[in-house]
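Thank you for asking me to look over this model before it goes further. My comments are set out below as numbered points, each on one site or group of residues.

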Amino acid sequence: MQLNVLILPGDGIGAEVTREAVKVLQQVAIKFHHQLSLTEGLLGGVAIHKTGTPLPQETIDLALQADATLMGAVGLPEFDQAPPEKRPEKGLLGIRKVLGVYANLRPVRSYKALLDSSPLKNHLVDGTDMIIVRELTGGIYYGTPRGIHQDGNETRAINTMTYSSSEIARVSRMAFHLARNRRKKVTSVDKSNVLENSQLWRKVVVEIAAEFPDVALDHILVDNCAMQLILNPRRFDILLTENMFGDILSDEGAVLAGSIGMLPSASIGDRKPSGAWVGLYEPVHGSAPDIAGQNKANPFGAIGSVAAMLEYSFGLNEEAAAVNAAVESVLNSGQVTADLNGTATTSEVGEACRTSLRLVQ
Ligand code: IPM
Ligand code: MG
């Protein structure tokens, strides 16, 4: 199969982790006889440095042409005081919007080998296996009006949380479809005791649930969800929520996995005419500028994102399973980075994954 993939390393540790992930992808191509065509583009702070904007038109064009995009991370402290349009994060929000990847799938699972890396008690975390389905192209991240204005003697900031029923319906459908291949349970997270947005969210999710009578639905308020994620993570199968709640809850979920460096993600839009999903794949972690360039970053989230790409954008389930098996075997061997209390470097972990891929039949 021909795999045309755009790589957007981005900022900070993004370059290091995508380098390892790309080499894993190349190993997959060799092992399973696929033709890989890679292009690289600019996104985030590096793009601002080189072109003056966090999302150059050329990157948009490349992403629209590619079958799938693998991204590292964006964000650099030097832009902390910059206006919103000149921030690296704006580039990421922009490419999500341009590609229309409205469903962000963030699998959170516990690995036996990493149980002691979590500050939580092993018996609570063991067996955790959920996918957080985060709405990604709507809500308060994109709503207008927004901005900071002078209001008499006061300065006032405004953001707008807004959802339409069709935005809620499409991401809900995605969540229910995913649940069908799992434990058939969707938990929808909202703040419907306070927010009109959440009242609509809940109403639409209930309507969509009627199309999936074989899938159980329950609702949980976001504050209680934050608590239940830690108290009883095994109760969750598919956790469906809006953009900002999903951002916050997925970082909390990372504690269950042992480190935020473990979490991959797949951002999916509608199907292309070929039947493949439009996809943007990125680890959940950020650019971690404090450890950038030190070969210390955990590449498993990026490597897991390659597995997600193989599965969702290319339908290559066997290849995806081989990558996930390689990750698991390296975890079991104890070759892990400092965030997991190990001593391996980023490149050693990547190399170990490739070796394992070569060996697995
Ligand atoms: C994430 C990140 C981004 C987000 C930032 C970098 C804009 O935190 O992907 O979770 O908030 O979506
Ligand atoms: Mg986040």
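Predicted model: local features only at pLDDT ≥ 70, side-chain atom pairs only at ≥ 80, totals over all residues.

1. Salt bridges, and the pair Lys 112 and Asp 126. The structure contains 19 salt bridges, of which I take up a few here. In one of them the side chains of Lys 112 and Asp 126 come together with an N to O distance of 2.9 Å. Lys 112 belongs to the loop between strand E4 (103-109) and helix H5 (122-125), while Asp 126 belongs to the loop between H5 and strand E5 (129-135), so the bridge ties together parts that are 14 residues apart in sequence. Lys 112 counts as exposed because its relative accessibility is 60%, whereas Asp 126, at 25%, counts as partly exposed.

2. The pair Arg 180 and Asp 214. These two side chains also meet in a salt bridge, with 2.9 Å from N to O. Since Arg 180 is in helix H6 (residues 165-180) and Asp 214 is in the loop between helix H7 (196-209) and strand E9 (216-221), the pair ties together parts that are 34 residues apart in sequence. Arg 180 is partly exposed at 31% relative accessibility, and Asp 214 is partly exposed as well, with a relative accessible area of 37%.

3. The pair Arg 235 and Asp 218. A further salt bridge joins Arg 235 to Asp 218, with the closest N and O atoms 3.0 Å apart. Arg 235 sits in the loop between helix H8 (222-231) and strand E10 (238-241), and Asp 218 sits in strand E9, so that parts 17 residues apart in sequence are tied together by this pair. The relative accessible area of Arg 235 is 23%, which makes this residue partly exposed.

4. A network of charged residues. Salt bridges also link Glu 20, Lys 23, Glu 351, Arg 354 and Arg 358 in a network.

5. Ser 188. The side chain of Ser 188 makes a polar contact of 3.0 Å with the side chain of Trp 201. Apart from neighbours within four places in sequence, the contacts of Ser 188 are Trp 201, Val 205, Leu 217, Asp 218, His 219, Ile 220 and Leu 240; Asp 218 is also the partner of Arg 235 in the salt bridge described above.

6. Lys 191. This residue is in the loop between E8 and H7, and its C-alpha atom is separated by 5.8 Å from that of Val 222, although the two residues are 31 residues apart along the chain. Not counting residues up to four places away in sequence, Lys 191 touches Ser 198, Leu 221, Val 222, Asp 223 and Phe 245. With one of these, Asp 223, the side chain of Lys 191 forms a side-chain polar contact of 3.2 Å.

7. Backbone features to inspect. Most peptide bonds are trans, and most residues other than glycine have a negative phi. The peptide bond from Thr 144 to Pro 145, however, is cis, with omega near 5°, and Pro 145 is located in the loop between E5 and strand E6 (147-151). His 33 has a positive phi, near 60°, and is placed in the loop between helix H1 (14-32) and strand E2 (35-40); at 65% relative accessibility, His 33 counts as exposed. Asn 341 likewise has a positive phi, near 65°, in the loop between helix H11 (317-333) and helix H12 (346-359), and Asn 341 counts as exposed with a relative accessibility of 64%.

Definitions and conventions. Residues numbered from 1 in each chain as written. Chains lettered and ligands numbered in written order. Heavy atoms only, no water. Polar contact = N/O pair within 3.5 Å; in protein donor to acceptor, adjacent residues only side chain to side chain. Contact = heavy atoms within 4.5 Å. Salt bridge = Lys/Arg side-chain N within 4 Å of Asp/Glu carboxyl O. Helix = DSSP H or I, 4+ residues; strand = E, 2+ residues; numbered from the N terminus. Buried < 20%, exposed > 50% of the residue type's maximum accessible area, 1.4 Å probe, protein only.
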